[in-house]
Amino acid sequence: MADAVWFITYKLKKDTSVEAFLLASEKCNNVVLSRQKGFIAWDVLRDGDTWVDLVKWETAEDAQNGETAGSDNPASHAFYSFIDMDTCKLTLYLVEKHH
């Protein structure tokens with residue numbers, strides 16, 4: 001079970017292909033995030049034009065270390081190229097209780 005979760009909200013750039021974005025997120029997951037220590041899962045959620053990445057980590061330290069993962073990786077750059085970075089907000093939550 002996760003002990004830390006990234007809750008990242010953002011909007012995509014205008015005229016972005018959702019299909020292309022989802023392919024880029026899958027590649028970023030496979031090449032970058034899923035290879036990080038403590039990574040558990042990454043869910044991509046959507047409500048209208050607002051997107052949420054829910055990324056689960058084993059520990060808060062793993063989550064903090066993951067923030068710089070893939071900074072030099074082309075898969076990360078391709079993923080971020082779809083996002084309006086002015087709308088992007090990452091919050092790290094610690095899990096207090098699992099039900």
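The largest nonpolar core of this predicted model has 21 residues, and Tyr-10, Phe-21 and Trp-57 touch the most other members. Strand 1, helix 1 (18-31), strand 2 (39-47), strand 3 and helix 3 each give two or more residues to this core. Strand 1 supplies the largest share, with five residues. As background, nonpolar side chains in soluble globular proteins tend to be buried together.

**A closer look at Tyr-10**

- Which residues does Tyr-10 contact, once neighbours within four places in sequence are set aside? The list is Phe-21, Val-44, Asp-49, Thr-50, Trp-51, Asp-53, Phe-79, Ile-83, Thr-87 and Cys-88.

**The chain as a whole**

- You can count three helices and four strands in the protein chain.
- Reading from the N terminus, the elements follow the order β-α-β-β-α-α-β.
- The radius of gyration is 13 Å, close to the 13 Å that the globule rule gives for 99 residues, so the chain is as compact as a globular protein of that length.
- Along its principal axes, the C-alpha trace spans about 40 × 30 × 20 Å.
- Of the 99 residues in the chain, 32% are buried.
- Take the contacts between residues at least 6 apart in sequence: 73% of them join residues at least 24 apart.

**The largest pocket**

- Rolling a probe the size of a water molecule over the atoms shows where empty space is left.
- The largest pocket has a volume of about 270 Å³.
- Its lining is made up of 19 residues, and those nearest the centre of the pocket are Trp-6, Ile-8, Phe-79, Tyr-80 and Leu-90.
- Two or more lining residues come from each of these elements: strand 1 (4-12), strand 3 (50-57), helix 3 (74-80) and strand 4 (83-94).
- Which element gives the largest share of the lining? That is strand 4, with four residues.
- Sorted by class, the lining holds 15 nonpolar, two polar and two charged residues.

- Asp-62 sits in helix 2 (residues 60-66).
- Is Asp-62 buried or exposed? Asp-62 counts as buried because its relative accessibility is 3%, and the cut-off for buried is under 20%.
- Not counting residues up to four places away in sequence, Asp-62 touches Lys-37, Gly-38 and Trp-57.
- Ser-76 belongs to helix 3, and it counts as buried because its relative accessibility is 4%.
- Beyond residues up to four places away in sequence, Ser-76 touches Cys-28, Val-32, Ala-69 and Gly-70.

**Cys-88, a partly exposed residue**

- Cys-88 is part of strand 4, and with a relative accessible area of 29% it is partly exposed.
- Leaving aside neighbours within four places in sequence, Cys-88 is in contact with Ile-8, Thr-9, Tyr-10 and Ile-83.
- Cys-88 and Trp-51 are 37 residues apart along the chain, and their C-alpha atoms are separated by 9.4 Å.

Technical notes
Residues are numbered from 1 along each chain as its sequence is written. This is a predicted model: local features need pLDDT of at least 70, side-chain atom pairs count only at pLDDT 80 or more; totals for chains, interfaces and linings use all residues. Side-chain values use heavy atoms; hydrogens and water are left out. On a 1 Å grid over the protein atoms alone, a cavity is a set of points where a 1.4 Å probe fits but cannot get out, and a pocket is an open set with protein on both sides within 12 Å along at least five of seven lines; lining residues have an atom within 4 Å of a point. Grid points are joined across faces, edges and corners, and a volume is the space filled by probe spheres set on the points. Ala, Val, Leu, Ile, Met, Phe, Trp, Tyr, Cys and Pro count as nonpolar, Asp, Glu, Lys and Arg as charged, and the others, Gly among them, as polar. Buried means under 20% relative accessible area, exposed over 50%, partly exposed in between (1.4 Å probe, protein chains only). Contact means heavy atoms within 4.5 Å. A nonpolar core is a set of buried Ala, Val, Leu, Ile, Met, Phe, Trp, Tyr and Cys residues joined through side-chain atoms within 4.5 Å. The radius of gyration is taken over C-alpha atoms; the globule rule is 2.2 Å times the number of residues to the power 0.38.
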